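Work through the two exercises below with the sequence and the model open. Each task is followed by a solution in steps.

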Amino acid sequence: MSMLRFGIVGTNVISDWFAEAVASRADATVAAVYSRATASGDTFAQRHGIASATTHYEAMLDAVDAVYIASPIIAHHPQAMTALAADRHVLVEKTMAGSAPQIAQIQSAAAASGLIAMEAVRSLYTPAYAAIRAGLDRLGTLRQASLSKQQYSSRYDAFRAGEILRAFDPALENSALADIGVYVLQPALDLFGLHPDTADGASVYLHNGFEGAGTLTLGYPGTVVSVTWSKITHGVTPSVITGEDASLVIDDLAETGSVVLRPRGGTPETLFAQTPPAPGNTMSGEIDAFLAQVASGVPDPHRTEVTLAARRLMDAHLARPYTTSDSALR
């Protein structure tokens, strides 16, 4: 495959990570960046040595082969559909869109045109995650899992002080479940099955209606999986998958530094260990996967199904009745 030219939508820190990850590759380059503001686009382009910065989305599409979409969730669907209509592949930051029907439409449009539409959930494409998958075979019959990602947002202090930034604005289709919960919900579906028999849970909603933290319990035949997420608290417990013969202990499902097998009554064995990586250093695997699909012209059917199944569960969970109070649920 010749070098693939990416266009980046958005100039936030995730876009910085992506540009840095692509810069070290010989099979891809960032050819253009789109931003609604001229100044931020120009600054981003200069910082990363990108030839073109524009405030016109269609002009960026003319200069690239594929688009990495890192805008707010509410913009994902229209931007992806516009790119696909222009015959451009799309790699869309999690969560791919604000609803399951929107994701299905993106996926159908890509398939109809022979294009790739992939969701960028970087943690599913790392050596650490491969070690987790391999470790499951050594646990015996799987019985329970507790998957947790609680990450206190750097923007929550401003919220507590009375300033509502975009990251806590539900009008942009943001939620802790879509932003942080995806790091535990998608591994749960990938590892245990796309369609749990039951799914029940609750969330904490802030005074402006933003979903800030929550838990879902997924029931499978013989196995119960709990997923917990938060943007308003800092978690200190690892994720644990437990079978009848052993347990797997993962320090952090998003930026994994340690995966340890703990046999029942035996000696712990480290299956994976590294200095906990910076988030940007975990993007190379998802870029590999995307480029491989572009080269083959064939999407990964399982990942496509995981993306859609996760959003369906998100939609159902976020549709549950709630009261807009920091502490009240019903």
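**Exercise 1: the largest pocket**

The lining of the largest pocket takes at least two residues from each of α1, α4 (73-85) and α8 (176-192); helices are DSSP runs of H or I with at least four residues, numbered from the N terminus. The model is predicted, so local features need pLDDT of at least 70 and side-chain atom pairs pLDDT 80 or more, while totals for chains, interfaces and linings use all residues. Residues are numbered from 1 along each chain as its sequence is written, and side-chain values use heavy atoms, without hydrogens and water.

Task: Which helix gives the largest share of the lining of the largest pocket?

Solution.
1. The largest share, five residues, comes from α4.
2. In all, 43 residues line the pocket, and those closest to its centre are Asn12, Ile14, Ala70, Ser71 and Arg155.
3. By class, the lining has 20 nonpolar, 14 polar and nine charged residues.

**Exercise 2: α1 and α2**

Task: How are α1 and α2 oriented to each other, roughly parallel or roughly antiparallel?

Solution.
1. Helix α1 (residues 13-23) packs on helix α2 (residues 38-48) at an angle of about 30 degrees, and their axes are 11 Å apart.
2. Angles under 35 degrees count as roughly parallel and those over 145 as roughly antiparallel; α1 and α2 are therefore roughly parallel.
3. The contact (heavy atoms within 4.5 Å) involves Ser15, Asp16, Ala19 and Glu20 of α1, with Phe44, Arg47 and His48 of α2.
4. These contact residues divide into two nonpolar, two polar and three charged.

Definitions and conventions. Axes fitted to C-alpha atoms, helices over the stretch in contact; angles between N-to-C directions. Parallel < 35°, antiparallel > 145°, perpendicular 65-115°, else oblique. Nonpolar A, V, L, I, M, F, W, Y, C, P; charged D, E, K, R; others polar. 1 Å grid on protein atoms, 1.4 Å probe; cavity = no way out; pocket = protein on both sides within 12 Å on 5 of 7 lines; lining within 4 Å.
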